[in-house]
Amino acid sequence: MIAVASDHAGVELKATVINHLEQRGRTVRDFGTGNTASCDYPDYALPAARAVSSGQCELAILICGSGAGMAIAANKV
């Protein structure tokens with residue numbers, strides 16, 4: 001299973017990535033967000049990173065406006 005999460009800046013790309021993965025037979029767990037309303041990226045990056053750390057997911061794809069914020073949050077786990 002692949003964890004996928006984004007902040008508000010990455011919602012559209014996240015949907016594209018999820019569609020791409022599912023078309024290739026991968027199981028995806030969407031950790032949000034689901035809309036373009038301004039949000040805090042750690043609220044989505046941390047649960048996805050914890051799912052990988054605990055073994056619930058194989059890996060995570062994290063998408064945000066800069067790419068840096070989600071990576072920093074995930075690296076704290």
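For a chain of 77 residues, a compact globule would have a radius of gyration near 11 Å, and the protein comes in at 11 Å, so the two agree. That radius is taken over C-alpha atoms, and the globule rule is 2.2 Å times the number of residues to the power 0.38. The model is a predicted one, so to speak of local features a pLDDT of at least 70 is needed, side-chain atom pairs count only at pLDDT 80 or more, and totals for chains, interfaces and linings use all residues. Residues are numbered from 1 along each chain as its sequence is written, and side-chain values use heavy atoms, with hydrogens and water left out.

Laid along the principal axes, the C-alpha atoms fill a box of roughly 30 × 25 × 15 Å. The chain runs β-α-β-α-β-α, giving 3 helices and 3 strands (DSSP runs numbered from the N terminus: helices are H or I with at least four residues, strands are E with at least two). Take the contacts between residues at least 6 apart in sequence: 70% of them join residues at least 24 apart (contact means heavy atoms within 4.5 Å). Buried residues account for 38% of the 77, where buried is under 20% relative accessible area, exposed is over 50% and partly exposed is in between (1.4 Å probe, protein chains only).

Now to the salt bridges, of which there are 2 (a side-chain nitrogen of Lys or Arg within 4 Å of a carboxyl oxygen of Asp or Glu). One pairs Asp-30 with Lys-14, with the closest N and O atoms 2.8 Å apart. This pair links distant parts of the chain, since Lys-14 sits in helix 1 (residues 11-23) and Asp-30 in strand 2 (residues 28-30), 16 residues apart. Lys-14 is buried at 4% relative accessibility, whereas Asp-30, at 44%, is partly exposed.

The other bridge brings together Arg-26 and Glu-58, at 3.1 Å from N to O. Arg-26 is in the loop between helix 1 and strand 2, and Glu-58 in the loop between helix 2 (42-53) and strand 3, so this pair ties together parts that are 32 residues apart in sequence. Arg-26 is partly exposed at 36%, and Glu-58 is exposed at 54%.

Cys-64 belongs to the loop between strand 3 (59-63) and helix 3 (68-75). With 13% relative accessibility, Cys-64 counts as buried. Beyond its neighbours within four places in sequence, Cys-64 is in contact with Asp-7, Ala-9, Gly-69 and Met-70.
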